[in-house]
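Hi,

Here is the structure I said I'd pass on.

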Amino acid sequence: MSKAPTLLIFCKQPRIGQGKQRIAASLGAETTFEIAKALLQCALEDAKAWSGRVVLSPASVDEIEWAKGLLDGERVQVVPQPSGNLGERINAVDQLLRQQGHQKIVTIGTDAPILTLDLLQQVCNKMADYDVVCSKADDGGVTVMASGVAWPNIEGLPWSTERLAQGLEECCLDAGQSVGYIEPTYDIDLEGDLMRLMEDLKSDPRTARQALLQLITPIVNNKMVTS
């Protein structure tokens, strides 16, 4: 197997009324569903441009066929997530991929369209000097988790809290793993994140990002008028 880093995307099939509930609370289920679909396309856009192997990890075995239809190519693999919290699921998928020969694995989700191939390449470059490389999110989480070694047991980390990045670093250091960072980024969890994203995407020429921009611009502008 190629020693080039593998891009691992944790994803779930967009469904009305599921996911991004903090955005749905203010924008409604159908609008949030459209945003989720557009966010997924941004992650797939990065996968298509990735030079190494790509692994799509849907939320359950029930989504395997859906995930298989997202990307074509021999370098694309689908590995469903098991049950458990996010730490358990990352540990399990990471362990399976390493058993198959994957070595350096760059893990992302579908909620950080601000990520670019340049940023992901920075992650890959830093993996030459660190066991673990991340990008911290503004909310205290991470948008990228990359590792050239198996993750320690991360089941007990404070997932979905502002303490995640710190907890992840401490866990890795306690396991004897070095930790490096690229510049901080952000993900899309709240309605307010869309305004920031709208401004950032105006200078992003990528097709899926421009489609996302066209979707969120009237949403953001309407909110600004009515608030």
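A quick definition before anything else: a helix here is a DSSP run of H or I with at least four residues, numbered from the N terminus. Please keep in mind that this is a predicted model.

The largest cavity holds about 50 Å³ of space. Helix 2 provides the largest share of its lining, four residues. Among the lining residues are L39, C42, A43, I108, G109, T110 and R209. The class count here is seven nonpolar, two polar and two charged.

Some of those names come back around I9. Setting aside neighbours within four places in sequence, I9 is in contact with A43, A47, V55, L56, S57, I108, G109 and T110. I9 also belongs to the largest nonpolar core, which has 28 residues; I9, L56, V106 and V123 touch the most other members. Strand 1 (6-10), helix 2, strand 2 (54-57), helix 3 (64-68), strand 4, helix 5 (117-126) and strand 6 each put at least two residues into this core. A second, separate core of 22 residues includes W151, W159, C171 and C172.

Then there's the open space. The largest pocket contains about 1,200 Å³. It is lined by 43 residues, and K20, L86, D111, D187 and D189 are the closest to its centre. The lining splits into 18 nonpolar, twelve polar and 13 charged residues. Helix 1 (21-27), helix 2 (29-49), helix 4 (86-99), strand 4 (105-108), strand 6 (142-147) and helix 7 (191-201) each contribute at least two.

Which of its residues are buried? They are G87, I90, N91, V93, D94, L97 and R98, and what covers them includes strands 1, 2, 3 (76-78), 4 and 6.

Cheers

Methods. Residues are numbered from 1 along each chain as its sequence is written. This is a predicted model: local features need pLDDT of at least 70, side-chain atom pairs count only at pLDDT 80 or more; totals for chains, interfaces and linings use all residues. Side-chain values use heavy atoms; hydrogens and water are left out. On a 1 Å grid over the protein atoms alone, a cavity is a set of points where a 1.4 Å probe fits but cannot get out, and a pocket is an open set with protein on both sides within 12 Å along at least five of seven lines; lining residues have an atom within 4 Å of a point. Grid points are joined across faces, edges and corners, and a volume is the space filled by probe spheres set on the points. Ala, Val, Leu, Ile, Met, Phe, Trp, Tyr, Cys and Pro count as nonpolar, Asp, Glu, Lys and Arg as charged, and the others, Gly among them, as polar. A nonpolar core is a set of buried Ala, Val, Leu, Ile, Met, Phe, Trp, Tyr and Cys residues joined through side-chain atoms within 4.5 Å. Buried means under 20% relative accessible area, exposed over 50%, partly exposed in between (1.4 Å probe, protein chains only). Contact means heavy atoms within 4.5 Å.
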